[in-house]
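Let us take a walk through a protein model together, one stop at a time. Keep the picture open beside you as you read.

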Amino acid sequence: MIMKHTLKEIGLNEKEAIVYIALLKLGKSSTQIISKETGINRISLYDILNYLIEKGFANLIIENKIKHFFAISPKNILNKIKKK
């Protein structure tokens, strides 16, 4: 499992790392579920999730008008880092 300190070494801050790890654990989830898992309020969570999406750590899909977020595989992230 990918560790928080590893994520911090590649540029994520504490909360971003926590959210990414929660996404890995939860799978496809709404902000309500992610918020309960991480203890981060939903308003802050949207900013963090948008950053993770911009940086290629997460993605989203909309099902029944509800946004669901999910983590990109750590292997894919490591491959991107190696290419740089």
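Is E63 buried, partly exposed or exposed? With a relative accessible area of 30%, E63 is partly exposed; here buried means under 20% relative accessible area, exposed over 50%, and partly exposed in between, with a 1.4 Å probe and protein chains only. Before we go on, please note that this is a predicted model, in which local features need pLDDT of at least 70 and side-chain atom pairs count only at pLDDT 80 or more, while totals for chains, interfaces and linings use all residues. Residues are numbered from 1 along each chain as its sequence is written, and side-chain values use heavy atoms, with hydrogens and water left out.

Let us stay with E63 for a moment. E63 sits in strand β1. Helices (H or I, at least four residues) and strands (E, at least two) are DSSP runs, numbered from the N terminus. If we set aside neighbours within four places in sequence, E63 is in contact with K28 and H68, where contact means heavy atoms within 4.5 Å. I34 is 29 residues from E63 in sequence, and their C-alpha atoms are 16 Å apart in space.

Now look at the loop between β1 (58-63) and β2 (66-71), where you will find N64. K65 has its place in that loop between β1 and β2 too. N64 is not a glycine, yet N64 has a positive phi of about 55°. K65 is not a glycine either, and its phi is positive at about 65°. How accessible are these residues? N64 counts as exposed because its relative accessibility is 75%, and K65 counts as exposed at 81%.

Next, find helix α2. Why does the distance between the end C-alpha atoms of α2 agree with what a helix of 13 residues should span? The expected span of a helix is 1.5 Å times one less than its number of residues. For the 13 residues of α2 (residues 14-26) this gives 18 Å, and the end C-alpha atoms are 18 Å apart, so the two agree. At the start of α2, a side-chain oxygen of N13 comes to within 3.1 Å of the backbone nitrogen of K15. Such a polar contact is a pair of N or O atoms within 3.5 Å; within protein, one must be able to donate a hydrogen and the other to accept it, and residues adjacent in sequence count only if both atoms are side-chain atoms. Just after α2, G27 has a positive phi of about 75°. The buried residues of α2 are E16, A17, V19, Y20, A22 and L23.

How do helices meet one another? Two packed helices are described by the angle between their axes and the distance between the axes. Axes are lines fitted to C-alpha atoms, for helices over the stretch in contact, and angles run from 0 to 180 degrees between N-to-C directions. For α2 and α4, the packing angle is about 80° and the axes are 10 Å apart. That makes α2 roughly perpendicular to α4, since angles under 35 degrees count as roughly parallel, over 145 as roughly antiparallel, 65 to 115 as roughly perpendicular and the rest as oblique. From α2, the contact uses K15, E16, V19, Y20 and L23, and from α4 it uses L45, I48, L49, Y51 and L52. By class, this contact of α2 with α4 has eight nonpolar, no polar and two charged residues. Ala, Val, Leu, Ile, Met, Phe, Trp, Tyr, Cys and Pro count as nonpolar, Asp, Glu, Lys and Arg as charged, and the others, Gly among them, as polar.

Helix α3 (residues 31-38) also packs with α4, at an angle of about 100° and with the axes 10 Å apart. That makes α3 roughly perpendicular to α4. T31, Q32, I34 and S35 of α3 make the contact with R42, L45, Y46 and L49 of α4. By class, the contact of α3 with α4 has four nonpolar, three polar and one charged residues.

T38 belongs to helix α3 and counts as buried at 18% relative accessibility. Leaving aside neighbours within four places in sequence, T38 is in contact with I18, V19 and A22. A polar atom of the T38 side chain lies 3.2 Å from the backbone nitrogen of I40. G39 lies in the loop between α3 and α4 and counts as exposed at 67% relative accessibility.
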